[in-house]
Amino acid sequence: MNGSQAPVQDEPLLSVQDLKTYFYTASGVSKAVDGVSFTLNRGQVLGIVGESGSGKSVTSNSVIRLLARTGKIVGGDIRFNGIDVMKLNKHELVALRGSDIATIFQDPMTSLDPVFKVGDQMVEMICSHQKVSKQEARSMAVEALKKVGIPEPEKRMNSYPHELSGGMCQRVIIAMAVCCKPKFIIADEPTTALDVTVQAQVLDLLKDLQREMNTAILLITHNLGVVWEMCDRVMVMYAGKTVESADVKELYANPQHPYTWGLLDSIPHLPDETKGMLRTIPGVPPDLRLTGKCCNFYNRCPYCTEECKTKVPELVEITPGHFVACLRQNGVETLQRNEVAIDE
């Protein structure tokens with residue numbers, strides 16, 4: 001690949017620095033991702049959480065440069081396995097996406113072409129990324145289906161997507177993702193359209209494959225329970241920015257950002273002695289065309305001060321490996337959870 005180089009042994013598999021992805025529309029410029037940075041090591045699972053519209057999927061799509069026509073990466077650096085992704089041409093990107101990087105999308109029923117048999121789609125994908133015959137590719141596809149727990153894989157190769165359940169289709173998508181033994185998997189809400197039992201099966205499958213192949217996974221989800229179960233680190237996003245990032249156990253035991261508190265407080269607990277209404281975060285996320293001049297969360301934050309309305313908080317490392325973007329939580333000033341806001 002052009003611009004590629006031998007990766008340094010100790011460097012992260014994926015490094016994203018100050019990523020900015022904007023969407024240009026008739027009504028203005030929407031700053032969907034505005035200065036996001038993170039790294040991902042081999043075999044590590046990083047979870048990205050946040051509300052719809054926080055920039056999670058745009059961040060992952062930017063890593064592989066798979067954006068809508070109105071979207072554009074306007075700044076930042078993306079390096080995968082020593083390769084500068086921003087310098088790759090279209091042909092090199094296609095090769096990278098299918099071989100070293102695989103993607104599992106959130107709706108399995110629309111991720112497969114409904115007019116082609118499952119086996120034909122898998123064989124075509126394998127042949128386009130590996131120098132093997134169709135017969136060899138078919139054997140690889142059957143083995144991959146067997147690995148993800150699909151019964152009678154030879155028979156399922158001749159099935160159309162509509163003949164399979166949602167959980168079965170998601171297993172097919174995962175099988176396609178691991179056929180080429182990728183170094184990195186982007187799992188974008190992989191359990192959203194599935195029932196709870198199938199969700200658990202799919203997550204167990206991903207964990208097994210990750211351990212077996214030492215594959216790094218970028219997991220995008222709304223479910224904080226899934227993050228606890230699957231991830232090593234977690235990054236909380238809000239309105240296109242990272243508001244908190246830490247080791248999973250550290251973040252759950254010692255969350256520091258008011259938005260993270262709100263997300264954790266909204267999780268139902270069983271048994272719940274109060275039996276009252278679930279706690280929510282009041283208000284709505286800001287218009288992404290108007291962000292970048294203050295704390296994006298100030299209008300929903302009970303701890304907001306006047307400074308929050310005029311100044312953009314920087315992402316600060318308050319303890320080793322724990323980063324927070326809050327003007328009142330900067331390592332010098334410490335905000336206490338559930339305290340009354342100063343301006344209330």
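Student: Why is K207 called buried in this predicted model?

Tutor: K207 has a relative accessible area of 15%. Buried means under 20%, so K207 counts as buried.

Student: What makes D204 partly exposed?

Tutor: The relative accessible area of D204 is 39%.

Student: Where do D204 and K207 lie?

Tutor: Both lie in helix α8, residues 196-213. They are three residues apart, about one turn of the helix.

Student: Why is the pair R300 and E51 called a salt bridge?

Tutor: The N to O distance is 2.9 Å. That falls within 4 Å, so the name applies.

Student: What does the pair tie together?

Tutor: R300 lies in the loop between α11 and β11. E51 lies in the loop between β3 and α1. The pair therefore ties together parts 249 residues apart in sequence.

Student: Is R300 buried or exposed?

Tutor: Buried: its relative accessibility is 4%, and the limit is under 20%. E51, at 22%, counts as partly exposed.

Student: What makes E306 exposed?

Tutor: E306 has a relative accessible area of 55%. Exposed means over 50%, so E306 qualifies. E306 forms a salt bridge with K309, the closest N and O atoms being 3.3 Å apart. K309 is partly exposed, at 35%.

Student: How many salt bridges does this rule give?

Tutor: The count comes to 15.

Note on methods. Residues numbered from 1 in each chain as written. Predicted model: local features only at pLDDT ≥ 70, side-chain atom pairs only at ≥ 80, totals over all residues. Heavy atoms only, no water. Salt bridge = Lys/Arg side-chain N within 4 Å of Asp/Glu carboxyl O. Helix = DSSP H or I, 4+ residues; strand = E, 2+ residues; numbered from the N terminus. Buried < 20%, exposed > 50% of the residue type's maximum accessible area, 1.4 Å probe, protein only.
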